[in-house]
Every structure is written in structure tokens, then in C-alpha cells.
Amino acid sequence: MKIDLYVALAALLLNTITLNSSDALSKPFHKAPLKQARAGEPLLLATDYDLDLNCKAILGLKIAIVSPPRYGSVKILDRIAFTHYDRSNSRFKCNKKRSKMLATFYTSKPDFVGIDHVVVRVISPLGGSTP
């Protein structure tokens, strides 16, 4: 299953970039929570991971940039960090230790003020996107 992650970036005063999702979007889009960063500095958009029931990373998770940002860049990096599975998920116990994952970062041009957006596709061997 392919899921598009739509991220809208809007700049406020003092070159602060605000990450916001659009309420007008419908499935299969994932709504990103509101975040802020300074212009020209990396902003973590999302971390994506697929773990088995023994908390080991499942190979094959991919992230593709479908529509790049106009006023910045996106990097997909390997990362080791804590997961955030919901308490009702059988993998909740995995949250206690760091795991391999992919992290998506957006960085605007240093003096950018305005609106930017990026669309990435998360392709999971499990058929979905996390978290």
C-alpha cells in the first residue's frame, strides 16, 4: 500500500517556518502535526518505522519524494531513535528501546519567508505507514 504524506509549510514572522497539515485533504493523506522551525534549519517532519513483534526492524521500508519543495530541500536519513507505538498496539513494548527508522527532514532556503509544501510517499512492506 502506498500512502502520501502531505506537508504544508508556512512561514511566520522572524523567518519561522510552521509545519501544518491541511484539513481539506482526505485519505490516503496522513495529517502532520503542527511544528515550527527557523528558516534554513532542518525540521524533522516524520519518522517512519516497521518493527516485528520482537522489536526488530522489518526490511523494505522506503520513502519517495513525490513532489519536492519549491523553496527548500528534503532529506531522508537513517536514524536510531525511540518508537511511539500506541498503548493498544502489540508493539508498544518496543517503545522502551531505540530502533532503526527513516527520518524525513525539510530545510528551507536560509532567508525563505512564505509557503512551501512537499509530498512524500511512504512505502511499507507491511502495507501501511507508521507512526
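Start by selecting Y49, which is buried at 1% relative accessible area (buried means under 20%, exposed over 50%, partly exposed in between, with a 1.4 Å probe and protein chains only). Before you click on: this is a predicted model, where local features need pLDDT of at least 70 and side-chain atom pairs count only at pLDDT 80 or more, while totals for chains, interfaces and linings use all residues. Residues are numbered from 1 along each chain as its sequence is written, and side-chain values use heavy atoms, with hydrogens and water left out.

Which aromatic pairs are there to see? The count is 2, where rings of Phe, Tyr and Trp (its six-membered ring) pair if their centres lie within 6.5 Å; planes under 30 degrees apart are stacked, over 60 edge-to-face, and the rest tilted.

Now pick Y71 and F112, a stacked pair with 4.9 Å centre to centre and 15° between the planes. Y71 is in the loop between β6 and β7 and F112 in the loop between β8 and β9 (115-123), so parts 41 residues apart in sequence are tied together. Y71 is partly exposed at 29%, whereas F112 is buried at 8%.

Next, click C55, in the loop between β5 (43-48) and β6 (62-67). Its phi is near 70°, a positive value in a residue other than glycine. Most residues other than glycine have a negative phi. C55 is buried, at 11% relative accessibility.

Last stop: the largest pocket, about 210 Å³ in volume. (On a 1 Å grid over the protein atoms alone, a pocket is an open set of points where a 1.4 Å probe fits, with protein on both sides within 12 Å along at least five of seven lines; lining residues have an atom within 4 Å of a point. The volume is the space filled by probe spheres set on the points, which are joined across faces, edges and corners.) Select A57, I58, K100, M101 and L102, the closest to its centre of the 14 lining residues. The largest share of the lining, 3 residues, comes from β8.

Definitions and conventions:
Helices (H or I, at least four residues) and strands (E, at least two) are DSSP runs, numbered from the N terminus.
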